[in-house]
Amino acid sequence: MAFSLPDLPYAHDALADLGMSAETLEFHHDLHHNAYVTNGNAAIAGTEWEGKSLEEIIVGTYDKSSVAQNGIFNNISQLWNHNQFWEMMGPDGNAMPTELEKALVESFGSVDEFKKQFCAAGAGQFGSGWAWLVKDTDGALKVTKTENGVNPVCFGQTTLLGCDVWEHSYYIDFRNKRPVYLTNFLEKLVNWENVASRLG
């Protein structure tokens with residue numbers, strides 16, 4: 001079974017008043033995300049990875065010794081990243097559930113400190129990449145950042161929240177103001193109920 005582009009869980013204009021325009025979603029989901037689906041399917045066709053899950057392909061093709069990853073990994077990991085990204089945002093769910101707030105306070109001292117570290121990670125990622133909130137293999141919550149399409153699956157971590165800091169994610173709405181985009185993401189766009197559901 002080839003992978004397919006999932007529908008957005010909301011209308012293209014559902015986030016417009018919150019800082020992510022319909023135009024951004026049309027470019028980002030309908031064009032960029034779809035390209036990862038198309039190119040990923042083409043890359044795995046006829047290989048040992050055909051028929052495997054996204055996670056199996058990501059783990060199996062990630063080269064931890066190299067900054068430049070292969071074409072299969074790049075497209076499949078970005079396909080997975082974006083599948084998660086749309087689900088982590090929404091027009092509703094902006095109130096943080098108590099269990100998530102408690103977990104963040106335990107790990108970071110306060111929710112504000114978590115947000116500060118998350119924004120710093122995203123703003124400090126040179127070039128393209130992602131900022132993440134993960135549950136690490138030791139059970140602790142941590143903020144990380146990764147280059148290009150690399151994601152927490154590569155390291156056996158549980159992904160709780162991810163923010164795309166490739167320019168195509170924010171340039172239409174925020175131009176070159178990545179820190180402002182990150183702050184807006186945390187304050188207005190994140191579906192904290194979805195994040196809390198990933199705690200396990």
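**Reading helix packing, a sheet and a buried side chain**

Modeller: This is a predicted model. Start with two helices. Helix 4 (residues 98–108) packs against helix 5 (residues 111–124) at an angle of about 70 degrees, and their axes are 8 Å apart.

Colleague: How are two packed helices described?

Modeller: Two numbers do it: the angle between the axes and the distance between the axes. Angles of 65 to 115 degrees count as roughly perpendicular. Helix 4 and helix 5 are therefore roughly perpendicular to each other.

Colleague: Which residues of helix 4 and helix 5 make the contact?

Modeller: Helix 4 gives E101, L104, V105 and F108. Helix 5 gives V111, E113, F114 and Q117. Sorted by class, the contact has 5 nonpolar, 1 polar and 2 charged residues.

Colleague: How many bridges join strand 1 to strand 2?

Modeller: Strand 1 (residues 129–135) and strand 2 (residues 141–147) run antiparallel and are joined by 7 bridges. V134 stands opposite K142 in strand 2. The two strands form a hairpin, with 5 residues between them. In the turn, G139 has a positive phi of about 90 degrees.

Colleague: And how many bridges pair strand 1 with strand 3?

Modeller: There are 6 bridges, again in the antiparallel sense. Here W130 stands opposite D164 in strand 3.

Colleague: Last, a single residue. Where is N151?

Modeller: N151 sits in the loop between strand 2 and strand 3 (158–164).

Colleague: Is N151 buried or exposed?

Modeller: Judge by relative accessible area: buried means under 20%. N151 has 0% relative accessibility, so N151 counts as buried.

Colleague: Which side chain makes a polar contact with N151?

Modeller: The side chain of N81 does, at 3.0 Å. The N151 side chain also has a polar atom 3.0 Å from the backbone nitrogen of V153.

Colleague: What else is N151 in contact with?

Modeller: Set aside neighbours within four places in sequence. N151 is then in contact with I58, S77, W80, N81, W132 and T146.

Terms used. Residues are numbered from 1 along each chain as its sequence is written. This is a predicted model: local features need pLDDT of at least 70, side-chain atom pairs count only at pLDDT 80 or more; totals for chains, interfaces and linings use all residues. Side-chain values use heavy atoms; hydrogens and water are left out. Two strands pair if DSSP finds at least two bridges between them. Helices (H or I, at least four residues) and strands (E, at least two) are DSSP runs, numbered from the N terminus. Axes are lines fitted to C-alpha atoms, for helices over the stretch in contact, and angles run from 0 to 180 degrees between N-to-C directions. Angles under 35 degrees count as roughly parallel, over 145 as roughly antiparallel, 65 to 115 as roughly perpendicular and the rest as oblique. Contact means heavy atoms within 4.5 Å. Ala, Val, Leu, Ile, Met, Phe, Trp, Tyr, Cys and Pro count as nonpolar, Asp, Glu, Lys and Arg as charged, and the others, Gly among them, as polar. Buried means under 20% relative accessible area, exposed over 50%, partly exposed in between (1.4 Å probe, protein chains only). A polar contact is a pair of N or O atoms within 3.5 Å; within protein, one must be able to donate a hydrogen and the other to accept it, and residues adjacent in sequence count only if both atoms are side-chain atoms.
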